[in-house]
Amino acid sequence: MTGNSVLPSSGSAVTKSHQYKKKSQLRTVWLRLKKNRMAIFGLLLFAVMVCVVLSADLYMNYEEDAVAQNLSIRFQPPSREFPLGTDQYGRNVLARVIYGGRISLFVGLATVCISLTAGAVIGATAAYYGGRVDDILMRIMDVFLAIPNTLMAITIVAALGTSIVNLILAMGISQIPRMSRIVRSSVLSIIGQEYIEAARACGTGDGRIIFRHILPNAMGPILVQVTQTVARSVITVSALSFIGLGVSEPTPEWGFMLSEAKHQMRCHPHLAVAPGIAIVMAVMSMTLLGDGLRDALDPRLKN
Amino acid sequence: MFGYIVKRLVMIFPVILGVSFIIFTIVNLAPGDPAMMILGEGAKQEEYEALREEMGLNDPFFVRYFHYVADALQGNFGKSYRTNIPVFQEIACRLPYTVNLAVTSTLIAIILGLPIGVLSAVKQYTASDNAAIGVSLVLTSMPDFWFAMMLILLFSLKLRLLPSLGVESWRHFILPAIANSASTMASLLRMTRSTMLEVIRQDYVRTARAKGAKESRVVFGHSLRNALLPVVTVIGVNFGFSLGGAIVVEQVFAIPGLGQLMVNAIRAKDTPMVIASVLFAAIIVSVINLIVDIVYVYIDPRLKSRYVTVGAKRAMS
């Protein structure tokens with residue numbers, strides 16, 4: 001009887017102390033991140049881009065501004081009405097850049113969701129069970145890692161056919177190995193801690209230990225990897241569209257706009273500028289945030 | 001050490017086998033009928049059936065994969081559906097362009113990225129450090145093909161200094177090499193700077209300074225050598241990837257290298273070509289990884305003992 005009454009109470013004590021620790025860890029990271037001006041600039045830049053892109057329908061019309069062709073106003077230079085000019089079909093470049101952001105940012109975030117979910121399961125399983133399971137899973141990941149990322153994504157898109165969903169699948173899958181490695185190594189650094197031992201002693205199930213106790217505390221390096229994955233995906237999706245394996249006409253997408261602009265470079269170079277700057281802004285915001293997070297998580301830089 | 005290298009070389013084989021299986025599976029998911037593609041629309045039914053049988057397309061998936069591996073082990077990777085030339089012959093004639101591009105762009109990245117990274121760390125928080133960090137941040141955030149387009153805009157169309165397309169002379173390789181080196185250069189710079197910052201705070205660097213060693217010797221002799229390991233990794237990874245084909249940059253500059261071969265093969269659903277290109281890239285990446293590990297030992301002799309004991313243990317058991 002006494003044994004029974006002791007177990008639940010010690011179990012809840014473990015959970016409480018663990019929650020306290022989780023909160024305080026995230027809080028200290030946030031406090032240190034706040035001091036890093038570049039990281040906050042990156043975070044704000046990304047937030048502003050997401051807001052502009054999501055609220056586009058309030059001040060623009062997708063069909064009229066970004067898709068409908070108006071051949072009487074082709075190749076207009078930047079003006080009050082068209083701040084970035086018009087393209088070879090007389091479409092508003094600004095509208096296309098803004099609506100193009102929907103695809104790039106959506107694909108970037110969706111890619112992270114896929115690779116993070118699969119990577120977390122694979123990496124955590126490998127680290128938690130160790131031994132043979134770890135060996136097998138990591139050898140499989142080694143095989144995937146030997147294939148260059150872009151090459152992998154291109155092959156998958158080509159096999160499945162070009163569409164947004166397949167694009168996301170291709171890029172998500174090609175990022176899984178890297179994510180699994182990061183999750184595995186950060187889980188390995190947690191697994192020896194006493195509170196994991198305690199949770200196990202209380203009879204907590206493996207799944208609960210992994211997802212409730214280990215992963216939240218191993219989140220630091222994973223978050224850094226998440227920002228880098230978003231950045232890389234934005235570049236890769238534009239590269240795929242650029243070589244004609246991404247979106248198709250008339251969907252606005254940054255890489256696709258650049259591949260159209262490439263044919264007009266001799267006479268209308270202004271078309272090649274705006275989509276490129278949009279990509280740089282999106283990627284840079286994530287890189288700055290990632291760098292800031294890494295510094296904030298680095299215990300050696302703590303003062 | 002020799003035993004270690006042999007062991008690692010042998011370990012590349014299962015990886016490549018795995019890669020071949022993955023790519024074979026992915027490529028076979030693609031819709032489309034290769035026999036139909038080779039014959040064209042107006043083919044007779046009997047001819048079509050005969051070709052399907054001959055190509056083994058009626059066999060189950062695993063039988064086809066087994067045949068592919070068996071042929072590949074004898075050096076027969078199939079012929080391109082498009083040109084009917086053996087795929088590795090085609091890869092071999094594209095290879096010089098890609099090697100040229102990969103070597104020059106990696107050299108540019110090392111020549112610029114490494115010293116600027118070192119200086120940036122030594123002069124941390126000065127104006128020049130901030131400038132270097134800023135430029136490298138923009139360069140890592142730029143897609144290489146957009147950088148390439150901007151280079152063409154400036155140097156070919158505005159200043160008319162360099163050609164924008166083709167491979168006729170060495171001048172044609174200047175812009176592609178710069179475009180291809182940008183991201184490697186930037187990540188090399190960032191990596192060199194951050195590892196140097198860690199190393200120059202170490203006790204042995206202070207000791208070197210205290211005993212009156214010249215500043216240049218302290219920086220390049222004592223610090224840089226100890227900061228080189230992660231830097232060499234960055235160089236190796238990027239070099240391996242660009243040897244697999246600078247896919248998008250080759251498109252922009254119309255360079256007939258491996259990247260372009262790959263994209264054309266994918267567009268034409270040229271299955272043997274696609275599989276062979278990816279296999280080739282994977283072999284390159286694996287071999288470069290091995291070379292990087294060997295280079296580690298020359299940079300940091302302490303690592304050697306680890307490899308030797310691994311070998312000795314295996315010999316004993």
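Biologist: Which residues have the most contacts inside the largest nonpolar core, and how many residues does that core have?

Modeller: The largest nonpolar core has 156 residues, and B:Ala148 and B:Val278 have the most contacts inside it. A nonpolar core here is a set of buried Ala, Val, Leu, Ile, Met, Phe, Trp, Tyr and Cys residues joined through C-beta atoms within 7 Å. Helix α5 (residues 93-129) of chain A gives the most to this core, 16 residues. Bear in mind that this is a predicted model: local features need pLDDT of at least 70, side-chain atom pairs count only at pLDDT 80 or more, and totals for chains, interfaces and linings use all residues. Residues are numbered from 1 along each chain as its sequence is written, while chains are lettered from A and ligands numbered from 1 in the order in which they are written.

Biologist: What is B:Ala148 in contact with, leaving aside its neighbours within four places in sequence?

Modeller: B:Leu175, B:Ala179, B:Val249, B:Val252 and B:Phe253. Two residues are in contact if their C-beta atoms, placed from the backbone, lie within 7 Å.

Biologist: How many helices and strands does each chain have?

Modeller: Chain A has 13 helices and 0 strands, and chain B has 14 helices and 0 strands. Helices (H or I, at least four residues) and strands (E, at least two) are DSSP runs, numbered from the N terminus. Along the principal axes, the C-alpha atoms of chain A fill a box of roughly 85 × 40 × 35 Å, and the C-alpha trace of chain B spans about 85 × 70 × 30 Å.

Biologist: Why is α12 of chain B called largely enclosed?

Modeller: Helix α12 (residues 258-267) of chain B has 8 of its 10 residues buried, so the rest of the structure largely encloses it. Buried means that 20 or more other C-beta atoms lie within 10 Å of the residue's own, exposed means 12 or fewer, and partly exposed is in between, with C-beta atoms placed from the backbone. The buried ones are B:Leu258, B:Gly259, B:Gln260, B:Leu261, B:Met262, B:Val263, B:Ala265 and B:Ile266. They pack against α7 of chain A, together with α5 (87-122), α11 (247-253) and α13 (271-299) of chain B. After α12(B) comes B:Lys269, with a positive phi near 50°. For the whole chains, buried residues make up 43% of the 303 residues in chain A and 38% of the 317 residues in chain B.

Biologist: What makes α7(A) roughly parallel to α1(B)?

Modeller: α7(A) and helix α1 (residues 2-29) of chain B pack at about 30°, with their axes 7 Å apart. Axes are lines fitted to C-alpha atoms, for helices over the stretch in contact, and angles run from 0 to 180 degrees between N-to-C directions. Angles under 35 degrees count as roughly parallel, over 145 as roughly antiparallel, 65 to 115 as roughly perpendicular and the rest as oblique. So α7(A) is roughly parallel to α1(B). A:Thr155, A:Ile156, A:Ala159 and A:Leu160 meet B:Ile23, B:Ile26, B:Val27 and B:Leu29 there.

Biologist: Why are α1(B) and α4(B) called oblique?

Modeller: α1(B) and helix α4 (residues 61-73) of chain B pack at about 130°, with their axes 11 Å apart. That angle therefore makes α1(B) and α4(B) oblique to each other. Their crossing is right-handed: a crossing is left-handed if the near helix is turned anticlockwise from the far one by less than a right angle, and right-handed if clockwise. B:Ser20, B:Phe21, B:Phe24 and B:Asn28 of α1(B) make the contact with B:Phe61, B:Tyr65, B:Tyr68 and B:Val69 of α4(B).
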